[in-house]
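Thanks for asking me to look this one over. Below are my notes, in numbered points, for you to read beside the model.

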Amino acid sequence: MDLFSYSSSSAENRLLADRMRPRDLSEYIGQEHIVGPGKLLRRAIEADQVSSILLYGPPGTGKTTLAHIISEKTNGEFVKLNAVDASVKDVREVIAQAEDRKALYGTKTILFLDEVHRFNTARQDALLPAVEQGTIIFIGATTENPYHHVNGALLSRSTLFELKSLNAGHSLQAMRRAITDSEKGLGRLSLRVEEEALEHIAAMANGDIRRALNALEFAALTTPPGADGIIVITLAVAEESIRKPTVRADKSVQYDVLSAFHKSVRGSSDAALYWFLYAVEKLGMDPMTFLRRLIVACSEDIGLANPQAMVQAVSAMDAYHKIGWPESKYVIAQAIIFAVESPKSNSIPVAISRVMHAIEQQPSAEVPLHLRDTHYSGAEKLGHKGYKYPHDYPNHYVDQAYLPEALEDSSFFIAGEQGMEEKIRINQHNRKKRKPSP
């Protein structure tokens with residue numbers, strides 16, 4: 001039997017969310033940017049011309065449902081595997097059967113691989129030749145960033161579709177449909193759901209339609225009918241039927257939040273503080289992750305424009321080690337805000353980039369003779385002499401060659417005009433003025 005087939009005889013034993021799973025695109029909720037009228041994926045599904053694709057998005061956004069719809073529309077064989085328990089042997093068996101099916105009957109095979117991010121490299125590699133040769137059409141579903149977890153070759157041979165998080169409006173649409181559907185939904189019940197109750201479930205479901213439908217069904221089946229035989233789901237009932245959602249915090253989300261934090265350090269105290277506390281208090285991330293990133297930002301994005309930002313950040317890390325969480329949140333918040341409100345400069349990463357480029361362009365570097373080690377007795381005989389000690393000169397500076405000869409006129413660190421770097425910029429300018437003419 002098809003793994004996605006709907007059996008009316010067993011419908012009453014299935015959860016409402018499964019019974020209400022859309023069977024075609026007319027019932028599908030959300031993701032208009034990829035399956036709306038005229039969109040590429042919709043056209044491919046309707047024409048039964050789906051090629052290898054990857055469906056990427058948070059839980060509850062409709063990835064498996066789209067696969068179900070494709071299985072209903074295809075004239076070929078539709079096979080589902082779950083990456084959690086599927087082995088290389090399972091994959092090879094599917095490929096062998098697909099080869100036989102294609103050779104004997106000219107029938108195509110679509111392989112739907114759920115949670116493809118759980119498939120290790122060896123198992124993904126086993127798929128690749130069959131996808132390249134067209135033996136199977138691959139459909140993968142993942143909640144994780146595919147660029148982090150999917151074989152590059154497999155990713156390049158698949159069209160990536162990103163599914164966006166659904167909202168309360170989508171959940172409301174799904175619940176209202178379930179309430180009035182007498183075939184698959186709750187329409188056979190004498191049921192009245194207060195609007196406040198629907199809105200509460202939709203809000204608490206956090207865009208997860210399955211969660212919203214499960215809560216609605218639970219409320220309907222556990223609430224006794226009144227004297228008039230009508231089951232009334234009030235706000236109080238709804239509040240008991242669905243609890244505060246658990247925030248999803250897989251690796252991709254953590255990387256995104258950390259990225260948002262660092263980018264906010266460059267421009268918004270409010271946002272930087274929000275992402276930090278959201279990650280630690282809501283997602284359960286380690287404060288040290290953000291302290292390390294803050295210290296990097298203090299050099300990469302602030303640098304010598306305000307050297308005290310680094311002092312604040314390192315002190316905050318020290319405070320976290322000594323007094324722990326949550327007491328140290330005040331110290332860390334202070335360091336974050338100090339960094340954000342500091343004058344900014346990226347002269348240090350720019351200087352590093354210039355130096356690295358120069359290193360790549362030079363096959364080797366000769367240390368100038370006057371800069372070489374002179375601690376041994378024969379140094380002068382080798383010509384290792386002539387170094388001028390800057391502290392013996394006015395302003396504790398003397399012009400002499402410090403770089404390899406081929407790079408003698410190079411400038412890597414160029415101070416900016418922000419904060420403390422303005423003084424450094426002036427000092428660099430004055431040194432150049434004091435430099436003797438050739």
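1. Conventions. This is a predicted model, in which local features need pLDDT of at least 70 and side-chain atom pairs count only at pLDDT 80 or more, while totals for chains, interfaces and linings use all residues. Residues are numbered from 1 along each chain as its sequence is written, and side-chain values use heavy atoms, with hydrogens and water left out. Helices (H or I, at least four residues) and strands (E, at least two) are DSSP runs, numbered from the N terminus.

2. Aromatic pairs. How many aromatic pairs are there? Rings of Phe, Tyr and Trp (its six-membered ring) pair if their centres lie within 6.5 Å; planes under 30 degrees apart are called stacked, over 60 edge-to-face, and the rest tilted. By this rule there are seven aromatic pairs. One of them is the edge-to-face pair of phenylalanine 261 and phenylalanine 290, with 5.2 Å centre to centre and 85° between the planes. This pair links distant parts of the chain, 29 residues apart: phenylalanine 261 belongs to helix H13 (residues 251–265) and phenylalanine 290 to helix H15 (residues 287–302). Both phenylalanine 261 and phenylalanine 290 are buried, where buried means under 20% relative accessible area, exposed over 50%, and partly exposed in between (1.4 Å probe, protein chains only).

3. A stacked pair. Tyrosine 274 and tyrosine 278 are stacked, at 5.8 Å centre to centre and 15° between the planes. These two tyrosines, tyrosine 274 and tyrosine 278, are four residues apart in helix H14 (residues 269–282), so about one helical turn separates them. For background, an α-helix has 3.6 residues a turn, so residues three or four places apart point the same way. Tyrosine 274 is partly exposed, with a relative accessible area of 46%, and tyrosine 278 is partly exposed too, at 25%.

4. The ring cluster. Which residues do ring pairs link into a cluster? They are Phe261, Phe276, Phe290 and Trp325.

5. Helix H14. Ser269, Ala272, Phe276, Ala279 and Val280 of H14 are buried. Seen down the axis of H14, its buried residues fall within an arc of 120°, the arc being that of the directions from the helix axis to the C-beta atoms; they therefore line one face of the helix. The buried residues of H14 pack against H13, H15 and helix H17 (329–341), with contact meaning heavy atoms within 4.5 Å. Following H14 is glycine 284, with a positive phi near 75°.

6. The sheet. What is the order of the strands in the open sheet? Its five strands run E2-E3-E4-E1-E5, with parallel pairing; two strands pair if DSSP finds at least two bridges between them. Strand E2 (77–82) and strand E5 (159–162) are the edge strands, each pairing on one side only. On average, neighbouring strands of this sheet are turned by 15° against each other, direction ignored. Strand E1 (residues 53–56) pairs with E5 in the parallel sense over four bridges, and the bridge partner of tyrosine 56 in E5 is glutamate 162.

7. A helix across the sheet. Helix H5 (residues 88–105) lies across E2 and strand E3 (109–114), running at about 175° to E2. Axes are lines fitted to C-alpha atoms, for helices over the stretch in contact, and angles run from 0 to 180 degrees between N-to-C directions.

8. Backbone details. Most residues other than glycine have a negative phi, and most peptide bonds are trans. A cis peptide bond joins tryptophan 325 and proline 326, with omega about 15°; proline 326 is in the loop between helix H16 (308–323) and H17. Aspartate 48, not a glycine, has a positive phi of about 55°. Aspartate 48 sits in the loop between helix H3 (40–46) and E1 and is buried at 13% relative accessibility. Asparagine 206 has a positive phi near 55°; asparagine 206 is in the loop between helix H10 (195–205) and helix H11 (209–222) and is exposed at 57% relative accessibility.

9. A buried loop residue. Asparagine 306 lies in the loop between H15 and H16 and is buried, with a relative accessible area of 14%. Leaving aside neighbours within four places in sequence, asparagine 306 is in contact with Phe338, Ser342 and Pro343.
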